[in-house]
Amino acid sequence: MRYKGSIKFYAEDFYGLLNKQKYRCALTNRELTPANTEVELRDPHKVEGRAALENHYLIDKSISPAARHLSEDEIIKLAIEIVQHRGEEYGCIIRRMKQ
C-alpha cells in the first residue's frame with residue numbers, strides 16, 4: 001500500500017533537525033550545509049506515521065538517491081555488504097564486535 005497523504009516539512013523543521021544532528025549527515029557523518037543537504041524519510045516504505053517528523057532525517061545529497069528507495073537500515077546493510085566485498089581494494093575491512 002502506498003502512502004497517499006501529503007508531508008509537510010517547514011524551515012523550522014529543517015533547522016531543528018540540522019541542529020539536532022549537529023550539522024552532520026545521519027548516514028555518512030559528512031558536514032551538512034543548507035546547500036548540500038537533503039531531507040529524506042528514514043523509512044520510505046512506511047505507511048503509518050510516514051509524515052511524522054521522527055521519520056525524517058537530513059543526509060548529504062550524494063546519498064539521497066539511495067535514500068529515496070531504501071530505508072536507513074537497508075542502506076547501512078548495503079554499505080556493509082559493499083565493504084565486505086570490495087573494501088580490501090580501498091584498505092578497509094569490517095570485523096564483528098563482540099556483543
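This is a working chat about a predicted model of one protein chain.

Colleague: What should I know before I start reading numbers?

Modeller: Residues are numbered from 1 along each chain as its sequence is written, and side-chain values use heavy atoms, with hydrogens and water left out. The model is predicted, so local features need pLDDT of at least 70 and side-chain atom pairs count only at pLDDT 80 or more, while totals for chains, interfaces and linings use all residues.

Colleague: How many helices and strands does the protein chain have?

Modeller: The protein chain has three helices and two strands. Helices (H or I, at least four residues) and strands (E, at least two) are DSSP runs, numbered from the N terminus. The order from the N terminus is α-β-β-α-α.

Colleague: What box do the C-alpha atoms fill?

Modeller: Roughly 45 × 35 × 30 Å, taken along the principal axes.

Colleague: And what share of the residues counts as buried?

Modeller: Of the 99 residues, 23% count as buried. Buried means under 20% relative accessible area, exposed over 50%, and partly exposed in between (1.4 Å probe, protein chains only).

Colleague: Changing topic: how many salt bridges are there in the whole structure?

Modeller: Six salt bridges. The term means a side-chain nitrogen of Lys or Arg within 4 Å of a carboxyl oxygen of Asp or Glu. Side chains of opposite charge can pair when their charged atoms come close.

Colleague: Which side chain meets R68 at 3.5 Å?

Modeller: That of E38, with the 3.5 Å taken from N to O. R68 lies in the loop between helix 2 (64-67) and helix 3, and E38 in strand 1 (residues 37-41), so the pair ties together parts that are 30 residues apart in sequence.

Colleague: What about E40, where does that come in?

Modeller: E40 also forms a salt bridge with R68, and the closest N and O atoms are 3.0 Å apart. This pair too links distant parts of the chain, with E40 in strand 1 and R68 in the loop, 28 residues apart.

Colleague: Is E40 buried or exposed?

Modeller: E40 counts as buried, because its relative accessibility is 7%. E38 counts as partly exposed at 23%, and R68 is partly exposed at 48%.

Colleague: Which residues is S64 in contact with?

Modeller: Leaving aside neighbours within four places in sequence, S64 is in contact with E38, E40 and I59. Contact means heavy atoms within 4.5 Å. S64 is in helix 2 and counts as buried, at 3% relative accessibility.

Colleague: How many aromatic pairs?

Modeller: One aromatic pair. Rings of Phe, Tyr and Trp (its six-membered ring) pair if their centres lie within 6.5 Å; planes under 30 degrees apart count as stacked, over 60 as edge-to-face and the rest as tilted.

Colleague: Why is the pair of F14 and Y15 edge-to-face?

Modeller: Because the planes of the F14 and Y15 rings are at 90 degrees, with the centres 4.9 Å apart. F14 counts as buried at 13%, and Y15 is partly exposed at 41%.
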